[in-house]
Structures are given as structure tokens and as C-alpha cells.
Amino acid sequence: MTKGIKVLVIEDDKYIYSFIAVSLRKEGYDVFGAETGTQGQFLFSLEHPDIILLDLGLPDKDGILVLKELRKESQVPILVVSARGHEQEKILALDAGADDYITKPFYIGELMARIRVVERKIDQNPIHVTNGIFQCDYLTIDFEKRHVFIDDLEVHLTPIEFKLLSLLISNRGRVLTHNFILNQVWGYEETGDTKTVRVFMASLRRKIEKDTMKPRFILTEVGIGYRFSDQ
Ligand code: CA
């Protein structure tokens, strides 16, 4: 089985590297590794991988710095795989341009699922929109006419709510930080009042979720932000 997708794994722990490499190769990925940030950046410019898995605790330089430097030259999907599990670390990585974050130790199935999400970024049409219509379960959105339907009933969204929903859907499966959302929807620079995001997200949820206690679409990443369901 060959997928022909090149994955660069920047990871100094040999045991974790071989665990990831063996598992990914089994799924048909073409895997190669770097033990330091510098080597990783060198291999990136040499091999042009489709996806990068990046550890943050590297022997020569901090992974966040590697991430920022890679982002300056490329939009390649970068999935951070790190033992640093604090919310603040995750936010730092996501705001520095990581596509997603997975905390060690992890289940290989979880890693695979996250990789499949970032893989869609490589596809031409990452979201399933046909003729401007997005349909998932009981939610239908007509992006051209800006109409939203729950089952067959139209719900009215405010312009901000519609913008918020569009942003979530176009980044489906990816976690978006409060700051990223503030920046994209309201245009604020750097840090802002994350309460605004929570308030609008709550009102959006009341309109599109049948059970706001168990959201079907807009999932909360506690302390970090939101993710539109990938299922
Ligand atoms: Ca490490």
C-alpha cells in the first residue's frame, strides 16, 4: 500500500520515533526523521515533506522556534507531538502556526486520526462543499445565500455568527484558539477578550446544536478554544 505522502518526524527520542515511523509506514506513509531542530529544518528544505510531526523538547533548539521558522517559509501542515501538556503550551504552539497538538503519551489511533485531518489541508477542496452547500447530519448551510438550516427549518444567524461558523467549518477538525478566532472574526491583534468568543459561541451553539450540553458540531477544547467536529 502506498499513499505517497511524505512525513517528516522531528523527534529526538529514538523509541518514540521508531514507534511513530513503524505505525505510519504500516499505513503507507513515507516516513523519515530528524533528531534535532536544525537537522529537521535542513531535511524540510531538502525533501519537501507533505506533513511534519514536531516534538517541542529538542536538544539543540526549542520546538516553538523551529515551528515559527518553518512557518515563515511554508504552510506545510505541522502537527506538534509533545509531552508538554499544559494549556498554555498548546496555545503557544497553535498560535505559532501548528495545525494541531497531541500530547504524549498518545494512542496511535489518535495520532492517525489527527494526521488524516491535516492531510485534508493538502487536498484541493478540504471541506465538502458542493455548489456552495455544506451538509453534515442535520445541519445544512448555503454559503452563497447565507442560509442555515437545522433539518428543514431555517435558523437566522447574525453576521458575526455566520462568520464564526464559516471559520469553524473551513478549518473542520482543527482546533482553533480563542486568539485565532478573535483575530479572524473580529480582526483583533494578539490577545483579546476571550469572553467575547465564548459568548458568541454559546449563542451560535443554541442555534445549531440540538443538545448544547452534548454538542454535535462545535466541540470545546478546554482552556484552548474550539474544534468543528470532523465526523
Ligand atoms: Ca524530546
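Is Asp12 buried, partly exposed or exposed? Keep that one in mind for a minute, and I'll walk you through the model. A quick word before we start: this is a predicted model.

Okay, so let's begin at the calcium ion. Three residues coordinate the calcium ion: Asp12 and Asp55 through OD, and Gly57 through O, at 2.2 to 2.4 Å. If you look along the sequence, the spacing of those donors reads D-x42-D-x1-G. Asp12 is in the loop between strand S1 (6–10) and helix H1 (14–26), while Asp55 is in the loop between strand S3 (51–54) and helix H3 (63–73), so the pair ties together parts that are 43 residues apart in sequence.

Back to my opening question. Asp12 has 30% relative accessibility, so Asp12 counts as partly exposed. And Asp55? With a relative accessible area of 5%, Asp55 is buried.

Next, the sheet that S1 and S3 belong to. Picture an open sheet of five strands, in the order S2-S1-S3-S4-S5, with parallel pairing. At the edges you'll find strand S2 (30–34) and strand S5 (100–103), and each of them pairs on one side only. From one strand to the next, the twist averages 20 degrees.

Let's go through a couple of those pairings. S1 and S2 run parallel and are joined by five bridges, and here Val7 stands opposite Val31 in S2. To get from S1 to S2 the chain passes through H1, and that β-α-β crossover is right-handed. On to S1 and S3: they also run parallel, joined by four bridges, and Leu8 has Ile52 in S3 as its bridge partner.

What about helices against this sheet? Helix H4 (residues 87–95) packs on the sheet, where it touches strand S4 (78–82) and S5, and its direction makes about 150 degrees with that of S5. Then there's helix H2 (residues 37–47), which lies across S1, S2 and S3 and runs at about 140 degrees to S2.

The bond from Lys104 to Pro105 is cis, with omega near -5 degrees. You'll find Pro105 in the loop between S5 and helix H5 (108–122).

Further on, which loop holds Asp137? That's the loop between strand S7 (133–136) and strand S8 (139–142). Asp137 isn't a glycine, yet it has a positive phi of about 55 degrees. Its relative accessible area is 45%, which makes Asp137 partly exposed. Asp151 is another non-glycine with a positive phi, again about 55 degrees. This one lies in the loop between strand S9 (147–150) and strand S10 (153–155), and Asp151 is partly exposed at a relative accessible area of 42%.

Last stop: another open sheet. Three strands make it up, in the order S11-S13-S12, and the pairing is antiparallel. Strand S11 (175–177) and strand S12 (218–221) are the edge strands with a single partner each, so one side of each is left without a neighbour in the sheet. On average, neighbouring strands of this sheet are turned by 30 degrees against each other, direction ignored.

S12 pairs with strand S13 (residues 225–228) over four bridges, in the antiparallel sense, and Leu219 stands opposite Arg227 in S13. Helices lie across these strands too. Helix H8 (residues 194–208) lies across S12 and S13, and runs at about 145 degrees to S12.

That's the tour, thanks!

Terms used. Residues numbered from 1 in each chain as written. Predicted model: local features only at pLDDT ≥ 70, side-chain atom pairs only at ≥ 80, totals over all residues. Heavy atoms only, no water. Donors = N, O, S within 2.8 Å, 3.2 Å for Na, K, Ca; no water. Helix = DSSP H or I, 4+ residues; strand = E, 2+ residues; numbered from the N terminus. Buried < 20%, exposed > 50% of the residue type's maximum accessible area, 1.4 Å probe, protein only. Pairing = 2+ DSSP bridges. Axes fitted to C-alpha atoms, helices over the stretch in contact; angles between N-to-C directions. Contact = heavy atoms within 4.5 Å. Right-handed = clockwise from strand over helix to strand, strands pointing away.
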